[in-house]
Amino acid sequence: MEQHWKSAKGLFGAVLGPPLFWLVLFFMIPMGIVWLYSFGENRGLTEIALTGTFSNYLRALDPLYLKIFAKSVGIAGLTTLICLIIGFPVALAITFAPPKAKTWLLLAVMLPFWTNLLIRTYALIAVLRTEGYVNQSLQWLWNGLGAVVGVLGVGSLGPFQPLELLHNNFSVVLGLVYVHLPFMVLPLYSALDRLDTSLLEASLDLGAGHLRTLLTIVAPLALPGIASGVVITFIPALGSYLTPDLLGGPDSQMIANIIERQFKRANDWPFGAALSFLLMYMTFIAIALQAMLSRRRREPS
Amino acid sequence: MAKRSAPGPLEYLRRWPLQLWLAGVGIFLYAPLVALMVFSFNDSRRNIVWQGFTLKYYEKALNNASLIEAFVNSLTIAAVSTFLSLILGALAALALWRFRFPGKAGFDGALALPIVAPEICLGVAMLVFFAKVLPWPQGLPWPLNLGAIIIAHVSFSFPFVAVVVRARMASFNRELEEAARDLGASEWRTLKDVILPHMAPSLIAGAFLAFTLSLDDFVITFFTSGPDTVTFPVKVYSMVRFSVTPEVNAASTILIVLTVVLTAIALKVQGDPASTAGGHAALDRPKNRP
């Protein structure tokens, strides 16, 4: 039974005090200041007057910024969907693997996730850039094909045109999927692992195919796990900064890049603060939706 | 010779479409990293076509003073912030596990905020905080000049530790504690001999998590670091913006190997990789709550 705090005030203070102090001073107060700044105005170079204005939020409704918000949600949503499609079979295979293989497969999924994000992004740049491994391989194939065509005397293929794989929306989505796939696989696995396999066996015994069993038995039962996988993937994807910054082109900037610009180059902190809290609210909405969904699933109607 | 049986109804791993799928995902996840590591040994400045084996880029990376400095900074920050996060996280978990107090739900919720808040939001909050409220003095001797970054890293790491430790404490049998008290052990003695041993595996998992989070962090550090407090990711970022060079490959390979070694140690101590699955259990939390 939990102890009432009054029965051991000294111990309670010693245990709760330090983390509470840290959380308030080094998290709540910084966040609070940003929140206050979002209602402020620039005065001079470094002064910010807290005037209680909503103009920063109104400015975020400008079509220019609305488009970036919509684009960010679209990119994060597409990333999540692709992660779900790629990750679900992986999670399924891990769930029903023999124990030893299961350990290794889980490790294989988690290892890239523990590897430095910057290194993984850099590795993708090396693969995708104009002189990258993909284009090199394609060029090699193209030249081979060209030689064959030349020998046959049907004409020539012309010089190789490298594919523009980097600095566009494609590379941003690819990079986000690459980075966030483990975020999807792990919660999916933990949800599938808790399923009652006898239900699946019953379904298969009674003549339903694998696909039908997946869609009508597994998916509904694992829905809370799918929902949490979707949210866990969507939230960091929505707020990602590094991937669009390094892999994206001029038109694939996401919210985080715009926020960074306000705080560094544009030096418009109030507007940056407003954008950053809009991103926070979007995050909260995503979490609330997931919580509602999983609560509804748990309560038998 | 025994003939291999046909795959059972649920042995998905033994069906070829799924095997193919897994192989594809494996290539997708690992090919870029493997290519990066292989080409760090490539004797060609342009770094595309294999020209022969060399270690010269490792030599170059190891002689690059600013790269080494950034690396040492990163390790120092990770070590100190892991230590502080462990203490704060374990205390927060103990408070939530042990006591009933007014505002408990509020504290619990607030503790989850640094976990779910987008990195960029935390980053700008730290930038503003260290610019306006607590300007970190310039030109402090090492390692005091890393203070602002360490504080920022603790702020987002210790809630993860709290989640991991709390999950472990849920399986603690409170009667053990009562027995210790009945047998005359003091509060402190009970904590040291009964509660801490039970907590130990989660402390190891939490330390691993905090260390990795700190070592990995770019965005928040990017907003708190100054010109003389560059960390490894920030340094690599500036090198990558400039160009793709085998030197970066070499430095990255060293860090990847370090990560793999750390992971192997953590698994050796921990046993089950599922329990080190990390912060992902954290966001999962509402679902796991009884």
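Predicted model: local features only at pLDDT ≥ 70, side-chain atom pairs only at ≥ 80, totals over all residues.
Two residues are taken to be in contact when their C-beta atoms, placed from the backbone, lie within 7 Å. Setting aside its neighbours within four places in sequence, B:V124 is in contact with A:V34, A:I259, A:F263, A:G272 and A:S276 of chain A, and with B:F223 of chain B.

B:V124 also stands out in the largest nonpolar core, which has 163 residues: together with B:V161, B:V124 has the most contacts inside it. The helix that gives the most to this core is α7 (residues 169-193) of chain A, with 16 residues.

Turning to the interface as a whole, 74 residues of chain B are in contact with 84 residues of chain A. On the side of chain B that touches chain A, helix α5 (residues 119-133) of chain B supplies the largest share, 11 residues. Sorted by class, this side of chain B comprises 57 nonpolar, 10 charged and 7 polar residues.

The two chains are linked through strands as well. Strand β1 (residues 3-4) of chain A pairs with strand β1 (residues 99-100) of chain B in the parallel sense, over 2 bridges. Within this pairing, A:H4 has B:R100 as its bridge partner in β1(B).

Helix α4 (residues 99-114) of chain A has 16 residues and reaches 22 Å from its first C-alpha to its last, close to the 22 Å expected at 1.5 Å a residue. Buried residues in α4(A) are A:L105, A:L106, A:V109, A:M110, A:P112, A:F113 and A:W114. In an α-helix, residues three or four places apart point the same way, because there are 3.6 residues a turn.

Definitions and conventions. Residues numbered from 1 in each chain as written. Chains lettered and ligands numbered in written order. Helix = DSSP H or I, 4+ residues; strand = E, 2+ residues; numbered from the N terminus. Nonpolar A, V, L, I, M, F, W, Y, C, P; charged D, E, K, R; others polar. Pairing = 2+ DSSP bridges. Expected span 1.5 Å × (residues − 1). Buried ≥ 20, exposed ≤ 12 C-beta atoms within 10 Å, placed from the backbone. Core = buried A, V, L, I, M, F, W, Y, C linked by C-beta atoms within 7 Å.
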